[in-house]
There are 2 protein chains.
Amino acid sequence: MSKREGRGKAEITLVPDGAVVRGAIGASILRVLQECNVQIESSCGGNGTCGRCRIRFLTRPPEPTAHDLAQIDSADIARGWRLACAHTLRGDIRIEVASTTGELDQKATETPAPPVGELNPPVRLRAVRWTAPSREDPRPLATRLAVAVDACPPRFPPTLARLPGILRSDGTISVIEQADGILDVRPGEDAKVCGLAIDVGTTTLALHLVDLASGRTLGRAAARNPQRRFGADVISRIAHVRRTPADGVPDLHAAVVDGLNALAATLAKTAKITPEEIYHATVVGNPTMLHLLLGIDPRGIDVAPYAPVFTARTSCRASDLGLRLHPCALVETLPGVSAYVGADIVGGLLETALDRRPGRSLYLDIGTNGEIVLALDGHLIACSTAAGPAFEGASIVQGMAALHGAIESVSIGDGRITCDVIGKTAARGMCGTGLLSAVAELRAVGAIDPSGRFAASNQHLSDRFDGEGATRRFRLTDGAEPVYLYQSDVREFQLAKAAIRTGIETLLRRAHVDAERLDAVLIGGAFSAGLSRRHLPATGLVPTLDPDRIELVGDAAGRGAVRVLLDARLAEAVDRLAETVEYVELSGDREFSDLFVKHIPFPPGPADRSPASIDESRTPTDGRA
Amino acid sequence: MSKREGRGKAEITLVPDGAVVRGAIGASILRVLQECNVQIESSCGGNGTCGRCRIRFLTRPPEPTAHDLAQIDSADIARGWRLACAHTLRGDIRIEVASTTGELDQKATETPAPPVGELNPPVRLRAVRWTAPSREDPRPLATRLAVAVDACPPRFPPTLARLPGILRSDGTISVIEQADGILDVRPGEDAKVCGLAIDVGTTTLALHLVDLASGRTLGRAAARNPQRRFGADVISRIAHVRRTPADGVPDLHAAVVDGLNALAATLAKTAKITPEEIYHATVVGNPTMLHLLLGIDPRGIDVAPYAPVFTARTSCRASDLGLRLHPCALVETLPGVSAYVGADIVGGLLETALDRRPGRSLYLDIGTNGEIVLALDGHLIACSTAAGPAFEGASIVQGMAALHGAIESVSIGDGRITCDVIGKTAARGMCGTGLLSAVAELRAVGAIDPSGRFAASNQHLSDRFDGEGATRRFRLTDGAEPVYLYQSDVREFQLAKAAIRTGIETLLRRAHVDAERLDAVLIGGAFSAGLSRRHLPATGLVPTLDPDRIELVGDAAGRGAVRVLLDARLAEAVDRLAETVEYVELSGDREFSDLFVKHIPFPPGPADRSPASIDESRTPTDGRA
């Protein structure tokens with residue numbers, strides 16, 4: 001950007017990646033970073049109270065404010081750490097942001113790579129010997145290339161534009177082909193042909209980079225969806241479009257594309273390829289996310305009759321969307337079912353082959369929206385329910401994404417609390433599974449009563465409580481910056497789990513299936529990684545059943561997308577799969593409110609019958625509701 | 001553009017269209033206008049000597065310079081006319097440019113509209129009753145639309161993005177479909193579905209706007225190719241790419257796209273449609289022009305072995321090229337034959353059905369390059385020869401495009417010279433046909449001798465000569481600003497016609513055909529409009545034959561493009577036609593130089609045998625060479 005463009009502006013250089021953003025002098029640094037789509041955590045609206053928007057000044061740091069001193073320890077203050085919301089831009093600065101796209105969502109990244117199935121990739125490489133045109137054979141480059149690989153000549157200008165740089169001299173070349181023709185040429189015989197499976201979550205973007213020749217996963221990465229600054233859930237993002245009809249869709253489209261480009265660039269760099277070597281992408285996500293990725297107005301998804309613009313598979317080129325892959329790479333979105341049961345669920349159904357399972361199974365994808373599919377000997381019935389962002393670590397006082405420093409699970413035993421922290425580092429907050437296990441464990445030892453109130457019945461834990469009412473809290477970790485579970489967090493959790501459970505119960509009633517007769521409950525989504533199966537029925541999130549019948553299937557949606565990426569023939573199979581799902585609209589269900597209220601309390605647990613003891617808290621909490 | 005962007009800049013507002021361009025204060029106004037792709041004539045390189053870059057100041061005009069006073073009459077000086085090259089930008093100004101895209105190429109525009117053949121357009125309209133989604137039928141908009149018109153659901157994001165604005169309420173809608181699916185929806189039942197046939201000439205851009213439902217031509221427009229500021233012919237345009245490898249192709253691509261967008265907008269406005277109602281385009285042009293339109297590096301076309309990147313039909317969307325039609329409009333380039341026999345020739349062959357003519361025929365397209373096709377009972381042999389820009393009015397001292405004010409034909413009789421001027425206005429210069437007829441008529445009365453030298457043998461004309469040597473000139477028109485034919489212009493003409501003639505003779509020799517046995521000579525290209533058939537053999541441009549066997553077929557290339565636009569089935573026929581043409585490379589021909597030199601003089605005419613008389617000059621000049 002030119003220095004000339006506007007006085008009254010200053011540059012922020014971001015370390016380590018060197019990106020430069022510009023903002024008005026006098027503007028909040030947090031606001032500038034958010035407006036430029038720099039990924040930075042913040043949950044208090046820039047009021048200086050959440051302490052998440054930490055930046056480190058590499059140029060001379062400003063004097064610390066009261067907010068800085070309240071949120072950041074003195075050693076870090078001395079090292080230049082400040083809150084971005086507590087300072088305004090006064091001139092050009094160089095900073096490091098505590099949690100940018102550079103810091104990947106470890107949990108989503110560390111789930112096991114999908115197995116390589118049958119390989120039938122949509123893009124293939126062929127190495128051929130090439131002889132430059134001569135007086136004897138002056139045919140056009142495109143014609144000679146088509147003859148050399150026995151294919152139709154390329155007709156798409158960006159592909160044609162690639163030819164002269166390579167085909168005007170002799171040598172071995174790599175010809176990259178897709179079903180409808182030649183896509184690219186590269187010098188040498190061992191060009192890389194990669195594909196990308198993209199899961200556009202409301203909260204988290206997750207990418208798998210795959211070598212299309214071997215089927216091997218070259219890397220995975222995940223980060224927060226930068227659209228979050230427009231709202232935590234799909235409804236608030238659509239509300240942003242309603243508020244700003246002209247800019248809303250372009251804003252949200254640009255934010256998600258920027259986020260995907262940053263992640264793809266990071267993945268490519270790690271795998272030692274260039275983003276231009278990514279020749280195909282399959283995309284899953286909920287319908288609102290896919291509408292926004294394609295730049296399509298999602299209004300209508302949020303109001304009755306909840307008709308989306310599309311659910312069928314779509315296809316366009318990376319350059320059509322502004323995705324910085326190979327410009328001609330086809331980007332395919334997998335089909336969805338309805339306004340709230342999207343391609344992510346269909347990807348999960350494909351991956352788990354739910355339609356081919358005998359008996360009665362449930363598939364749950366737990367996130368900001370909970371999607372639920374009941375399979376009855378291959379017949380699939382689906383619904384969706386708004387759980388809110390608690391399961392993704394948002395709306396929780398010290399909630400965070402599954403990044404380094406997030407508590408992902410809690411266990412209480414022998415009077416001790418053990419917190420597993422992602423990255424084996426000091427805890428900074430808790431992610432969704434951390435919340436679930438904290439609540440389940442405290443519930444098991446009687447520190448939370450069936451109504452959800454904190455009850456310091458356990459002598460070993462009572463000194464960990466402080467505060468009153470909604471701000472009453474339980475200290476999970478010790479040290480200078482402890483992580484607390486607040487009474488309000490337990491309430492958020494209860495509303496979220498009640499929404500999911502109500503969806504499950506509604507589907508079971510519709511199908512006249514007794515919960516006890518379920519053969520399996522499959523839990524998908526990034527949320528399922530690191531989950532303790534026994535915590536699910538214990539909190540009432542799923543019906544009471546033997547935890548052995550719970551299968552944690554992890555990121556089934558993403559693996560489903562990888563599967564389609566590696567076997568192009570599955571594209572039509574997945575179309576048929578999406579068409580067979582019967583959708584149940586819960587918003588028209590009269591029993592929903594009654595069921596929801598019924599499932600806000602926790603099911604009775606062992607601690608409700610006898611005074612809680614440390615030993616009892618280790619027993620599986622499988623009491624009946 | 002923001003005022004903030006750079007001090008030291010000023011704005012030029014162009015009247016009447018209101019466009020605003022910006023340039024550095026102190027820069028030549030001509031240079032600023034050229035750099036911003038404003039169409040302005042200039043042939044002296046901004047030296048103040050050609051007098052073509054006239055602009056009229058609507059803000060206070062600067063003091064006239066010596067160049068202004070030498071080139072512009074005092075009445076026009078008083079009205080604010082100045083030379084753009086003679087003044088620098090000193091602040092914001094409002095100006096009118098003497099010859100912008102607003103001034104269309106009248107000659108190209110006034111040729112007769114092509115007849116409507118069999119209609120099978122690539123895009124069709126269907127009006128259907130639409131009912132908005134309801135609780136009873138909340139299926140996605142795209143699915144319901146596909147069912148309503150019994151087509152595949154649209155899968156391309158820009159098409160999907162059009163749906164919510166129209167399909168969320170009840171009413172009659174127009175569904176616009178192409179072979180592979182739905183392209184657009186519009187409110188109401190009578191949407192316009194238009195197509196564009198584009199002829200990208202090295203010198204002139206020509207467009208036909210067609211109603212695809214009726215086949216009717218809605219308008220035609222032509223203007224100078226703005227690429228001309230990078231060079232007059234294809235070789236100098238490719239040289240620009242060689243000089244500036246990074247920017248060359250983008251510069252040339254942007255220039256032609258800007259020119260086409262301006263013309264399409266003008267045409268659309270006149271036809272009372274929006275450019276977004278243009279849903280398909282077919283393009284003809286020489287291979288270099290098509291490479292540059294598609295943004296493909298043309299280097300290789302200019303050096304042996306003269307292998308282009310492509311000649312086959314290509315297809316992409318308007319938005320891929322930056323053409324402001326409907327963004328999803330398919331833009332198809334017709335196939336060419338070789339590096340110098342392009343889609344314009346193939347369009348002409350289709351239009352004239354040369355491959356289905358019995359006997360021996362020649363097809364000539366006369367322009368900066370001359371393309372020649374010999375048809376022998378359907379067998380087609382082609383070659384190309386570089387004539388230089390004389391036939392397009394360039395490289396001639398007072399040459400100009402076929403715009404208002406151009407002399408397009410000259411006749412000499414009864415001691416009087418009659419000049420037909422385009423637009424029936426005062427002559428400002430001469431276009432290619434004006435040059436040809438001036439030379440032919442002066443030759444017929446003996447004022448030009450067989451070697452091409454001016455010879456004032458005719459008493460009625462001798463007072464019209466002045467000057468010496470190469471600057472000796474003949475006054476064609478009277479008045480304050482006469483138009484002259486210079487001795488150097490006659491030389492330019494001779495080189496150009498010798499090049500064409502040599503191509504013809506080479507093809508005839510290869511095929512062992514005697515020129516006298518030709519059944520027909522077809523002259524295509526904008527050049528052929530307004531041409532006098534007897535002038536062609538008289539100047540030696542074509543072999544000596546009965547002028548009745550010469551057919552002036554006009555803009556056959558453009559009509560061929562219209563034909564394909566109206567009948568999509570012709571696309572494959574034209575592919576086959578292009579493949580059947582046998583190409584002869586003249587650059588490897590040893591006899592070429594000898595033949596070329598032989599054809600520089602004129603064939604003997606009537607005035608060479610007897611002292612020229614006015615009466616004799618009216619006799620057809622069909623003497624043998």
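**Sheets and helices in a predicted model**

The model is predicted. In chain A, six strands form an open sheet with mixed pairing, in the order S11-S10-S9-S12-S14-S13.

Reader: Which strands of chain A stand at the edges of this sheet?
Author: The sheet is open, and its order runs S11-S10-S9-S12-S14-S13 in chain A. An edge strand here has a single partner strand, so one side is left without a neighbour in the sheet. From one strand to the next, the twist averages 15°. The edge strands are S11 (217–224) and S13 (314–317) of chain A.

Reader: Which residue in S14(A) stands opposite A:Arg317?
Author: S13(A) and S14 (residues 330–333) of chain A run antiparallel. Four bridges join them. Opposite A:Arg317 stands A:Leu330.

Reader: At about what angle to S12(A) does helix H11 of chain A run?
Author: Helix H11 (residues 343–352) of chain A lies across two strands, S9 (194–200) and S12 (278–285) of chain A. Its direction relative to S12(A) is about 100°.

Reader: Is strand S7 of chain A mostly covered or mostly open, and how many of its residues are buried?
Author: S7 (residues 171–178) of chain A pairs with S6 (residues 123–130) of chain A through eight antiparallel bridges. S7(A) also pairs with S8 (residues 181–187) of chain A, antiparallel, over six bridges. Buried means under 20% relative accessible area. By that cut-off S7(A) is mostly covered, with the buried count at seven of its eight residues.

Reader: How many residues does the hairpin from S7(A) to S8(A) pass through?
Author: A:Gln178 stands opposite A:Gly181 in S8(A). The hairpin joins S7(A) to S8(A) through two residues.

Reader: In S24(B), what is the bridge partner of B:Leu364?
Author: Chain B has an open sheet of six strands, ordered S25-S24-S15-S16-S17-S26. There, S15 (residues 360–365) and S24 (residues 520–524) of chain B run parallel, joined by five bridges. The partner of B:Leu364 is B:Ile523.

Reader: Are H11(B) and H15(B) roughly parallel or roughly perpendicular?
Author: The axes of H11 (residues 343–352) and H15 (residues 556–566) of chain B come within 7 Å. They cross at roughly 75°. Angles of 65 to 115 degrees count as roughly perpendicular. The two helices H11(B) and H15(B) are therefore roughly perpendicular.

Reader: How many residues of the contact of H11(B) with H15(B) are charged?
Author: From H11(B), the residues in contact include B:Asp344 and B:Glu351. From H15(B), they include B:Arg559 and B:Arg563. The contact also holds four nonpolar and four polar residues. The charged ones number four.

Conventions:
Residues numbered from 1 in each chain as written. Chains lettered and ligands numbered in written order. Predicted model: local features only at pLDDT ≥ 70, side-chain atom pairs only at ≥ 80, totals over all residues. Heavy atoms only, no water. Axes fitted to C-alpha atoms, helices over the stretch in contact; angles between N-to-C directions. Parallel < 35°, antiparallel > 145°, perpendicular 65-115°, else oblique. Contact = heavy atoms within 4.5 Å. Nonpolar A, V, L, I, M, F, W, Y, C, P; charged D, E, K, R; others polar. Pairing = 2+ DSSP bridges. Buried < 20%, exposed > 50% of the residue type's maximum accessible area, 1.4 Å probe, protein only.
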